[in-house]
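Subject: Structure for you to look at

Hello,

Here is the structure I said I would pass on. Please open it first and then read the notes below beside it.

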Amino acid sequence: MRLVAVAAIGLLALTGCGKKGRHSSGSGGFVSGGGSGGSEPLSSPSGLPTDLPTDLPTDLPSGLPSYTPSDLPSYTPSPSYSYSDSPSPTYNSDGRYDVSASDCDYDESTHEFQYTLNVRNPETQGMRYSISVKWADSSTSSQLGTDYQSVYVSSGSSQTVTATAYRYLTEQTSFTCTVDSVIKVPN
């Protein structure tokens with residue numbers, strides 16, 4: 001008898017106190033499914049769409065579409081440099097006034113004509129001087145020897161160089177030595 005009472009209490013609890021279609025407004029009540037104790041599957045709720053897609057499309061595009069706007073204004077940057085109207089440095093290309101010469105001589109032991117040149121650069125930039133020196137016989141003006149020197153002199157500085165020319169003299173000779181030409185260029 002005790003077993004039947006427990007089963008009846010359990011049945012009443014499952015069916016909502018034994019009344020179909022009603023449930024308790026308090027907590028813990030159950031709504032009966034109208035079936036015979038849960039052996040049948042629940043039916044689908046009504047009003048839901050039944051034609052939903054079951055798979056996703058596979059042919060979706062993989063990249064973004066390319067777009068080149070043709071109505072954008074073109075832009076040409078202006079140069080960020082400017083030209084200077086200042087003139088380039090000027091200089092006197094004739095360097096004869098920059099060269100002083102001394103000690104024109106002949107060394108009998110080495111058989112060389114010698115000449116000492118002092119080159120002074122008055123320009124605001126370094127200059128390269130190309131100097132030609134000539135020794136000549138005083139009586140006949142025939143050339144006895146020549147020498148060419150190339151020397152760099154920085155701005156406002158001076159250099160001393162010696163010009164030499166080998167010549168074997170067999171007799172006493174009177175001669176002159178002169179700076180024949182001086183050309184200077186910026187270096």
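Three strands make up an open sheet, in the order β1-β2-β5, with antiparallel pairing. The strands at the edges are β1 and β5 (158-166); each has a single partner strand, so one side of each is left without a neighbour in the sheet. From one strand to the next, the twist averages 15°. Keep in mind that this is a predicted model.

Between β2 and β5 there are nine bridges, and the two strands run antiparallel. As background, strands of a sheet pair through backbone hydrogen bonds, either parallel or antiparallel.

Strand β3 pairs with β4 (residues 143-153) in the antiparallel sense, over ten bridges. The two strands form a hairpin, with five residues between them. In that turn, Ser 141 has a positive phi of about 60°. Strand β3 also pairs with β6, again antiparallel, and here eleven bridges join the two.

Is β3 enclosed or open to the outside? Eight of its eleven residues are buried, so β3 is largely enclosed by the rest of the structure. Ser 132 is a residue of this strand. Its relative accessibility is 7%, and because the cut-off for buried is under 20%, Ser 132 counts as buried. Its bridge partner in β4 is Tyr 148. Leaving aside neighbours within four places in sequence, Ser 132 is in contact with Asp 147, Tyr 148, Thr 178, Val 179, Asp 180 and Ser 181.

Gly 145 is a residue to look at in β4. Gly 145 is buried, with a relative accessible area of 11%. Beyond the neighbours within four places in sequence, Gly 145 is in contact with Val 133, Lys 134, Trp 135 and Ala 165. The C-alpha atoms of Gly 145 and Tyr 166 are separated by 7.1 Å, although the two residues are 21 residues apart along the chain.

Now the charged residues. Side chains of opposite charge can pair when their charged atoms come close. How many salt bridges are there in this model? The count comes to three.

Two of the pairs involve Lys 184. In one, Lys 184 pairs with Asp 98, and the closest N and O atoms are 2.6 Å apart. This pair links distant parts of the chain: Asp 98 sits in the loop between α1 (2-14) and β1 (99-107), while Lys 184 is in strand β6, 86 residues apart. In the other, Lys 184 pairs with Glu 123, with the closest N and O atoms 2.7 Å apart. Glu 123 lies in the loop between β2 (112-120) and β3 (127-137) and Lys 184 in strand β6, so the pair ties together parts that are 61 residues apart in sequence. Taken together, Asp 98, Glu 123 and Lys 184 are linked in a network of salt bridges.

Arg 96 is partly exposed, with a relative accessible area of 48%. Asp 94 counts as partly exposed as well, at 22% relative accessibility.

The last item is on the surface. Which residues form a nonpolar patch there? They are Tyr 91, Ile 183 and Val 185, and together they have about 250 Å² of accessible area. Val 185 is found in strand β6 (residues 175-186). Val 185 is partly exposed, with a relative accessible area of 40%.

Regards

Conventions:
Residues are numbered from 1 along each chain as its sequence is written. This is a predicted model: local features need pLDDT of at least 70, side-chain atom pairs count only at pLDDT 80 or more; totals for chains, interfaces and linings use all residues. Side-chain values use heavy atoms; hydrogens and water are left out. Patches are made of residues with over 30% relative accessible area and no salt bridge: like charges are joined within 9 Å, nonpolar side chains (Val, Leu, Ile, Met, Phe, Trp, Tyr) within 5 Å. Accessible areas come from the Shrake-Rupley method with a 1.4 Å probe; for residues, only the protein chains shown count as cover. A salt bridge is a side-chain nitrogen of Lys or Arg within 4 Å of a carboxyl oxygen of Asp or Glu. Helices (H or I, at least four residues) and strands (E, at least two) are DSSP runs, numbered from the N terminus. Buried means under 20% relative accessible area, exposed over 50%, partly exposed in between (1.4 Å probe, protein chains only). Contact means heavy atoms within 4.5 Å. Two strands pair if DSSP finds at least two bridges between them. Axes are lines fitted to C-alpha atoms, for helices over the stretch in contact, and angles run from 0 to 180 degrees between N-to-C directions.
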